[in-house]
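Hi,

Here is the structure I promised to pass on. Have a look at it first, and then read my notes below.

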Amino acid sequence: MAAHENYDAHGAFANPAYVPSRHASTTSIPGEYRKSLDRDEGTESVKSNGSTIKIEANPDAGGYDANGNNLPTQNGSAEFTKAPHRDSWGNDIEFLMSCIALSVGLGNVWRFPFIALENGGGAFLIPYIITLLLVGRPIYYLEMILGQFSSRGSVKVFEYAPIMKGIGYGQAILTFFIATYYSSLMALTLHYLVDSFYPTLPWSYCREEWGDQCIDSKIKTDGTLREVANTTGGVKKTSAEFYFVNIVLHEKANIDDGIGTPNWRLAITLAVSWLVIGGVIIKGIKSSGKASYFLAIFPYVIMLVLLVRSLTLPGAFDGVLFFLTPQWDRLLDAKVWYAAVTQVFFSLTVCYGIILMYASFNRFRHNIYRDCNIVTSLDTCTSLLSGIVIFGILGNLAHVSNNPDIKSVVKSGPGLAFISYPDAIAKFEAVPQIFSALFFLMMFILGVGSNVGVISSVITVICDGFPAIKRWIVVCVMVVICYCFGLMYITPGGQFIMNYIDFYGVTLVAIVLGIFELIAASWIYGVKNICRDIKFMLKIKTSIYYRICWGIVTPVFMTAVLIYMLVDYEPLKYNDTLYPEGLYALGWCISAVGIGQLLIWGFYTAYTAPQFSCGQRFKVAFKPTLQWGPIDPTTLKEYKEYCNDCEQSCGVARKGVWYRFYDNIFG
C-alpha cells in the first residue's frame, strides 16, 4: 500500500503504531495527523500547528512526517512495529550484582583512601558525600532511567535528542581507553599474586644492586625496622618500591627517548587478564550476569578478613583516627572539590555510558530507583571500609617504625597499590604470603568486575551499530585490539602513558561529555518529560531533589569544576617529570577526538535529516525520533496514549522564558 493510501478523506495518523487518546480532540505528539495529500510533483503537504510543510513522499521507501520521522513503508508497517531482539538479565538480582561489581571496584580500594589522605583526610569525606549526592547519584539514576526506558545502548539512546548522539560515541572512545589501562592494572595484580607464593615475599628484602639507599620492607628478626633516614638527612626507599620500579616495571626516569619494550612477564599476565574478561563477556549478559554474583560478593569476603586483621594490629586505631579526623581548612580548597568530583566519576563510573548500557537489558518495570540507592550507598560504604582497612595497616606500619607521621609512610600515585600495600603486608609477622595472596586476588576480582562492564559498553555500541556481525567475533577482535593497545602500559615508560591517557583521554573528556549529557536530557528532552516517563514506567513521582539536581545543580556544579580544571591547568607531570613537548599537543588532540564527536555526529545528523531547509533540519535534529520510547510495540502504543493524555491535561502552555524554565523543572 502506497504512503498516500494511509489517509482517507477525513485524515489519518501517519504512524500506524500510534494510538490516540480516547479523550483527545487534537494531537501534537509524534504521529502527525494529516488532513490532505498533494500528489503533484511527488510531494505531500503536512498540516502542523496551522502551517503547511511540503515534504517528499516515496511510496516504496516511505516518507517523513513534519518532525522528520519515518512514515510507513509500502506494506503499511513502521520501523518500530517489530521490536528488535535484545538480551535481558536472567533476573533482577543479576543486574544489581553487575552494577555492584562495576561500581565497587579498584577506585574504592586503591584510589579513594589516598585521594582522601591528600585532600584533608576526614574533611575530604564531606565534599565527597556532597558531590555524591549532587552529582553522582542524580547522574547514576538518570542513566539508569534512560537505559531501561528505551532498551537502547549508549549511542541509540540519544534518539531522544538525535543531534547529541556524538556523546555516545565519545563515551565509547573513553571507555576503550579505560578498559586498556584497567587491564594493565590487572596484569600487575596477577604478577604480585604469583609472587605471593614464594617462601619469602620477593619485595620484602633489598638486593645488593640497590645499594645502601634501600631498606627492607619486612621487620628484622629483633622486631624493628632499619633506620629510615640516612646520615645525610635524606630519606631512603623501601625494598617494595625498588622492587616495583626496578624489577616489575624497569621504570625509566623520563620518556624523552621513548617508552621502551613491554615486560614479557607482564605481557603474559596481561594476556591472562584479557582471556578471563573475554570468557566472562563472550555470551553477553547471559555469562557476565552469572559471573556477577562471584565478582560482587567475593571481594567483600576478603575485605572483611583484611579488616579484622588490620584492626588487630598494634597502632591500627591511630591510623584509622588519622584517616577519619577532618582538616577543616581544606574545605575551602577548590582542588579538594575537584578531587571529589573525579573520584565520584571514577568510582561510580557515571558519564561513561556503562550504567546506561547495563540498565538497557532490564525488564521495563524493574525498580531501578531502589537499585540506584543501594549501589550508590554501598559504593560510599565500601570506600570508607577500604579506607579503614588501609589506614589500619598504615597505622601499624607507623607504630613499628616509631614514625608519628602516618602520611610519611605512604607513597601515593599510580603505583600506590603496588608499593604501599605490599610494603605494609611484608611487615606482617604471621604468614604474610596468605594476606598478600588474598589482597591481590581481591584486587584482580575487582578489576574483572569493573572491566567487564567497561568493555561491554564498547562492544554493545559496535553490536548495536552492526547487528549482522556475531557477538563472539566482536568480542574476540576487541580483546585482541585492547591487548595490543595495553602493551604500551607495561613498558618501562608505561606509567607515564597511563597517567597521560587518564587525563587527556578520559577525565577531561568525561567531564565535558557529562555536562552535555545533562543538557541533552534535562533541557533538550526536558526534565518534565523525564519525570513523565518515570511515572509511566515505575508508577512513581519524581522528587524535587532529582528535578533540581538534573535541571540546575548538577550541570552547574560540573561546569564549575570544568572551568576550574581549565583555569588551573598546568603541564601534566608524572613523578614531577614533564613530558616531551610534542606530547602535550598530541594530548589535546586526543581530547579533541573524544569531545569532537559531538560536532561530527551533530552535523551528520542534521545533514541526513529530511530535505527541509537548513534551519528546519537542525530543528528536527533536536526532536525525539518516531522510534523513541519503549522498545516493545504494545508498550510504545500505551506510552503514546499516556503522553497525549498528559498533554491534554496540561492545557495551553503559557509563553515566556521564565515560565518555560519553571515548567521544565517543576511542571
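Let's start with Ile-455, which touches Ala-179, Trp-274, Ile-277, Ile-281, Met-478 and Cys-482, leaving out residues up to four places away in sequence; contact here means heavy atoms within 4.5 Å. Before going further, please note that this is a predicted model, in which local features need pLDDT of at least 70, side-chain atom pairs count only at pLDDT 80 or more, and totals for chains, interfaces and linings use all residues. Residues are numbered from 1 along each chain as its sequence is written, and side-chain values use heavy atoms, with hydrogens and water left out.

"Buried" stands for under 20% relative accessible area, "exposed" for over 50%, and "partly exposed" for anything in between (1.4 Å probe, protein chains only). As background, nonpolar side chains tend to be buried together in soluble globular proteins.

Now the chain as a whole. The secondary structure comes to 20 helices and nine strands, taken as DSSP runs numbered from the N terminus (helices are H or I with at least four residues, strands E with at least two). Of the 667 residues in the chain, 57% are buried. Among contacts between residues at least 6 apart in sequence, 79% join residues at least 24 apart. The chain exposes about 27,600 Å², and carbon and sulfur atoms supply 63% of that; the areas come from the Shrake-Rupley method with a 1.4 Å probe.

Helix α9 is worth a stop. This helix (residues 334-348) has 15 residues and reaches 21 Å from its first C-alpha to its last, close to the 21 Å expected at 1.5 Å a residue; the expected span is 1.5 Å times one less than the number of residues. Is α9 mostly covered or mostly open? It is mostly covered, with 11 of its 15 residues buried, among them Val-336, Phe-345, Phe-346 and Ser-347. At the N-terminal end, Asp-333 caps α9 through a side-chain oxygen that lies 3.0 Å from the backbone nitrogen of Lys-335. After α9 comes Thr-349, with a positive phi near 55 degrees.

UniProt, in an unreviewed entry, places the feature "binding site" at Val-104, Asn-108, Ser-347, Leu-446 and Ser-450. These positions are spread over 347 residues of sequence, yet they cluster in space, with a largest C-alpha distance of 11.8 Å. Keep in mind that UniProt annotations may be inferred rather than shown by experiment.

Ser-347 is found in α9 and is buried, with a relative accessible area of 1%. Leaving aside neighbours within four places in sequence, Ser-347 is in contact with Ser-103, Asn-108, Tyr-128, Asp-379 and Ser-383. Asn-108 is in helix α2 (residues 106-118), and at 0% relative accessibility Asn-108 counts as buried. Beyond four places in sequence, the residues that Asn-108 touches include Ser-103, Ser-347, Asp-379 and Ser-383.

Next, Gly-453, which lies in helix α13 (residues 432-465). Gly-453 is buried, with a relative accessible area of 0%. The C-alpha atoms of Gly-453 and Ile-355 are 8.3 Å apart, although 98 residues separate the two along the chain. Not counting residues up to four places away, Gly-453 touches Leu-102, Ile-354, Met-357 and Tyr-358.

Most residues other than glycine have a negative phi. Lys-539, though, has a positive phi near 65 degrees; Lys-539 lies in the loop between α15 and α16 (544-567) and is exposed, with a relative accessible area of 57%. Asn-575 has a positive phi too, near 55 degrees. The loop that holds Asn-575 runs between β8 (573-574) and β9 (577-578), and at 46% relative accessibility Asn-575 counts as partly exposed.

Happy browsing!

Key: A polar contact is a pair of N or O atoms within 3.5 Å; within protein, one must be able to donate a hydrogen and the other to accept it, and residues adjacent in sequence count only if both atoms are side-chain atoms.
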